[in-house]
Amino acid sequence: MKVVLFCGGYGMRMRSGASDDVPKPMAMVGPRPLIWHVMRYYAHFGHREFILCLGYGADHIKNFFLHYEETASNDFVLRGGRTELLSTDISDWTITFAQTGIESPIGERLRRVRHHLDGDEMFLANYADVLTDAPLDEMIDRFAARDAGASMMVVPPQSSFHCVELGEDGLVGGITAVSDLPLWENGGYFVLRQEVFDHIPEDGDLVADGCAGLAKEGRLVAHRHRGFWKPTDTVKERAALDAAYATGDRPWAVWERDGARADAGARA
């Protein structure tokens, strides 16, 4: 199944200054950028055809893959001055690089790559800056069995703030952590059918127009995920993921976890 990745936004809250033109999906987590971690996640579940919706800082993304260094994340043997890789990351990936405009909203970016989907009835989409350990195969299977136009992964609120209940006299009636409220946030992982394009106008948005339009018709389903899910909207959030990677605490790297289980099973 093809995977559309939106990676053309400015990512202003991640930038360190006016001279910093690196797009957010290229922020580093360990030895690789965010977009690589997202793509490895999809590839682990067998989805290795990617369509990158480029915009701001596109050259950084192009150059990363054009000059990809396999040795940064794979074991290898140096023999006679030549490198022999023991494994590879992207040798079986197909990546389409599509310029979708500097200022284009997410929905418009999706519209501009529709022809790259080859009319596939179902496809995947992602913001390319959020990491999770969600069971993608389960998400896809549940959606495939439903008569709906789109599936959106939703997660509990991530805010550490508290909501305060106030009476008319100004007295506080209760305090509740946002994370404890019966609310769900858009998790940024989508399974879509071509039907979504019927609800996205020119310069429209995927969620505000596409998903909202389907929701009004009762054709949007949610996949609830209470496991690991971390956004990278700020430098602090990216730094936290980078620190976790350094200590080996990386639940989003399902390819490592499942690979270790397979090795253990083979030794048993």
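A salt bridge is a side-chain nitrogen of Lys or Arg within 4 Å of a carboxyl oxygen of Asp or Glu. The views below come from a predicted model.

**View 1. Salt bridge between Lys24 and Asp129.** The N to O distance between the two side chains is 2.8 Å. Both Lys24 and Asp129 are buried. Lys24 sits in the loop between E1 and strand E2 (28-29), and Asp129 in the loop between E8 and strand E9 (130-132), so the bridge ties together parts that are 105 residues apart in sequence.

**View 2. Salt bridge between Lys2 and Asp118.** Here N and O are 3.5 Å apart. The pair ties together strand E1 (residues 2-7), which holds Lys2, and the loop between helix H3 (106-112) and strand E8 (122-126), which holds Asp118. Lys2 is buried, at 10% relative accessible area, whereas Asp118 is exposed, at 58%.

View 3. Glu138 is partly exposed, with a relative accessible area of 33%.

**View 4. The largest nonpolar core.** This core has 48 residues, and Trp252 is among those with the most contacts inside it. Helix H1 (residues 34-44) contributes the most, with 8 residues. Residues that Trp252 touches include Val29, Tyr41, Phe228 and Leu241.

**View 5. A nonpolar surface patch.** Val164, Leu166, Val172 and Ile175 make up about 410 Å². Strand E11 (162-166) and strand E12 (172-177) each give two or more residues to the patch. Leu166, in strand E11, is exposed at 62% relative accessibility.

Methods:
Residues numbered from 1 in each chain as written. Predicted model: local features only at pLDDT ≥ 70, side-chain atom pairs only at ≥ 80, totals over all residues. Heavy atoms only, no water. Core = buried A, V, L, I, M, F, W, Y, C linked by side-chain atoms within 4.5 Å. Buried < 20%, exposed > 50% of the residue type's maximum accessible area, 1.4 Å probe, protein only. Helix = DSSP H or I, 4+ residues; strand = E, 2+ residues; numbered from the N terminus. Contact = heavy atoms within 4.5 Å. Patch = residues over 30% accessible without salt bridge, like charges linked within 9 Å, V, L, I, M, F, W, Y side chains within 5 Å. Areas by Shrake-Rupley, 256 points an atom, 1.4 Å probe, with all protein chains shown as cover. Lists of a residue's contacts leave out its neighbours within four places in sequence.
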